[in-house]
Amino acid sequence: MRITKVYTRTGDGGKTRLAGGQEVWKDSLRVEAYGTVDELNASIGVVRAFNEPGTEPAAAVELENALRWVQNKLFDIGGALASMPKSADAVMSGATAEDVARLERFIDHCQGDLAPLKEFILPGGGKVPSLLHQARTVCRRAERICVALSHDEVVDPQMIKFLNRLSDALFVWARWAAKKRGEPELLWERTDGPQP
């Protein structure tokens, strides 16, 4: 693909074209879905930018490789969402059952290094864990929008499963990165009644 001009002026009226040429409003649920997947991809790019070797360089490399793969998969998913299927049989798939299984393997591998949770975790800690938690919340929103879209239009269920499992992976990676970097996990402290 070669892009010679960034602006086209064709979207100035509030509409855009899907990959197949169909014109839709920019606030349509399909555009919201692939736009949120794009936002998630950008969030993960920020995590990668801050993922410096630190005290455990092998862990940083492992996280880098996993997140680079995730970003490529999210591009596939965004492309599939940006393509209106002509029929249920023609729906594009941006993720496969094997992709979901790969995320599960990532989760299981990292969980092996972590103590079981006894309380909810507050998003925070070091930079990389905090950014992974932020990406997790964007991922959950992308999943919710794709589910909403699936009520009215055809969406490959594997993409929804991938986003669901990815949010779990981002949570585990946040915990795992904190442990590997020697950074604290911030636990939720329950409060009883109104506070001063």
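Me: Where is L186 found in this model?

Reply: Happy to start there. This is a predicted model, and L186 is found in strand 4, which covers residues 186–187.

Me: Is L186 buried, exposed or partly exposed?

Reply: The general idea is to compare the relative accessibility with two cut-offs: under 20% is buried, over 50% is exposed, and in between is partly exposed. L186 has 37% relative accessibility, so L186 counts as partly exposed.

Me: Let's turn to pockets. How do I read one?

Reply: Rolling a probe the size of a water molecule over the atoms shows where empty space is left. Here, the second largest pocket holds about 160 Å³ of space.

Me: Which residues line the second largest pocket?

Reply: The lining is made of Y34, V37, D38, N41, L74, F75, G78, G79 and A82. By class, the lining has 5 nonpolar, 3 polar and 1 charged residues.

Me: Which helices each supply at least two residues of that lining?

Reply: Those are helix 1 (29–50) and helix 2 (57–81). F75, for instance, sits in helix 2.

Me: Is F75 buried or exposed?

Reply: Use the cut-off again: over 50% counts as exposed. F75 comes out at 62% relative accessibility, so F75 counts as exposed.

Me: How many residues apart in sequence are F75 and D38, and what is the distance in space?

Reply: F75 and D38 are 37 residues apart in sequence, while their C-alpha atoms are 7.5 Å apart in space. Both residues belong to the lining of the second largest pocket.

Terms used: Residues are numbered from 1 along each chain as its sequence is written. This is a predicted model: local features need pLDDT of at least 70, side-chain atom pairs count only at pLDDT 80 or more; totals for chains, interfaces and linings use all residues. Side-chain values use heavy atoms; hydrogens and water are left out. On a 1 Å grid over the protein atoms alone, a cavity is a set of points where a 1.4 Å probe fits but cannot get out, and a pocket is an open set with protein on both sides within 12 Å along at least five of seven lines; lining residues have an atom within 4 Å of a point. Grid points are joined across faces, edges and corners, and a volume is the space filled by probe spheres set on the points. Helices (H or I, at least four residues) and strands (E, at least two) are DSSP runs, numbered from the N terminus. Ala, Val, Leu, Ile, Met, Phe, Trp, Tyr, Cys and Pro count as nonpolar, Asp, Glu, Lys and Arg as charged, and the others, Gly among them, as polar. Buried means under 20% relative accessible area, exposed over 50%, partly exposed in between (1.4 Å probe, protein chains only).
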